[in-house]
Amino acid sequence: MQIDVCYTPDLIHQFDVTDKTVVVIDILRATSCMVAGLGSGVKSITPVATVEECEALGEAGYIMAGERGGKKLEQFQLGNSPFEYMQPEFKGTKIATTTTNGTRALELAKEAPEVIVGAFLNLKAVVEHLSKQSRDILLLCAGWKGKYNLEDSLFAGAVIDGLKKQASFDTDASIAAFYLYESMCKDIYYYISRSNHASRLSKFGILKDIEYCSKVDEFDIVPVLQGKELVVK
Ligand code: MLT
């Protein structure tokens, strides 16, 4: 089993996803929200690329969620905070979401035989899930508008660290992620809070989201893309 890392969706054309398990990563905050929501009883989350697609699902009875540039869309019931997704009133509901980078990465991964969602919140569950399957793995970081980001790369390194006894990683991208994690794992929150996206989000006053998204193993679930929906099997 080989593991590789794609640091931004703009580089996905360099990888063949059709024979791989793809782990989509958007620590701040899309995939952390998905894990928190599904781990708190949300029935399904449908990621879509555009606001219009999300609104169409809203008309069909879905709860609409998401952001652009980190800011909640006025017409949506939910923004992109894990705390919103964890509210008891959303237990058993179906949510449709569109975000700046995370849902785009999911859209680009969909040709893969298996697409799962990872965040520090479900790190151990993701590692266990991957260790029980035999396909090669691509860790797809959502980045920020096509650029590299620190928090997704750090999580990619954490997954590689968790699988290092069973899987090989020999691309420069995967070796770099592994050593990034080795050098930063003692204080994940500190390094994530220094990231560019943490500064971007701080102007919306949501430091508590950054702190929560840095927590490890809060949920023992793995969201899996089934058709168009993310569910917990
Ligand atoms: C994204 O998908 O780009 C992010 O989740 C943005 C955010 O922090 O809301």
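Q: What should I keep in mind about the model?
A: It is a predicted model.

Q: How many residues surround the ligand, and which are the closest?
A: Begin with a list of neighbours. Here 14 residues surround the ligand. The closest are Arg29, Asn80, Thr99, Asn101 and His197.

Q: How do the residues of that shell divide into nonpolar, polar and charged?
A: Sort the neighbours by type. The shell around the ligand has 4 nonpolar, 7 polar and 3 charged residues.

Q: Which polar side-chain atoms lie 2.6 Å or 2.7 Å from an oxygen atom of the ligand?
A: A polar contact is a pair of N or O atoms within 3.5 Å. A polar side-chain atom of Thr99 is 2.6 Å from a ligand oxygen, and one of Asn80 is 2.7 Å from a ligand oxygen. The backbone can take part as well: an N or O atom of the Ala30 backbone lies 3.0 Å from an oxygen of the ligand.

Q: How much of the accessible area of the ligand does the protein cover?
A: On its own the ligand has 270 Å² of accessible area, and the protein covers 100% of that.

Q: Where does the ligand sit?
A: The ligand sits in the largest cavity.

Q: Why is Gln75 called partly exposed?
A: Buried means under 20% relative accessible area and exposed means over 50%. Gln75 has 40%, so it counts as partly exposed.

Notes: Residues are numbered from 1 along each chain as its sequence is written. This is a predicted model: local features need pLDDT of at least 70, side-chain atom pairs count only at pLDDT 80 or more; totals for chains, interfaces and linings use all residues. Side-chain values use heavy atoms; hydrogens and water are left out. A residue is near a molecule or strand if one of its heavy atoms lies within 4 Å of it. A polar contact is a pair of N or O atoms within 3.5 Å; within protein, one must be able to donate a hydrogen and the other to accept it, and residues adjacent in sequence count only if both atoms are side-chain atoms. Accessible areas come from the Shrake-Rupley method with a 1.4 Å probe; for residues, only the protein chains shown count as cover. On a 1 Å grid over the protein atoms alone, a cavity is a set of points where a 1.4 Å probe fits but cannot get out, and a pocket is an open set with protein on both sides within 12 Å along at least five of seven lines; lining residues have an atom within 4 Å of a point. A molecule sits in a cavity or pocket if more than half of its atoms lie within 2 Å of its grid points. Ala, Val, Leu, Ile, Met, Phe, Trp, Tyr, Cys and Pro count as nonpolar, Asp, Glu, Lys and Arg as charged, and the others, Gly among them, as polar. Buried means under 20% relative accessible area, exposed over 50%, partly exposed in between (1.4 Å probe, protein chains only).
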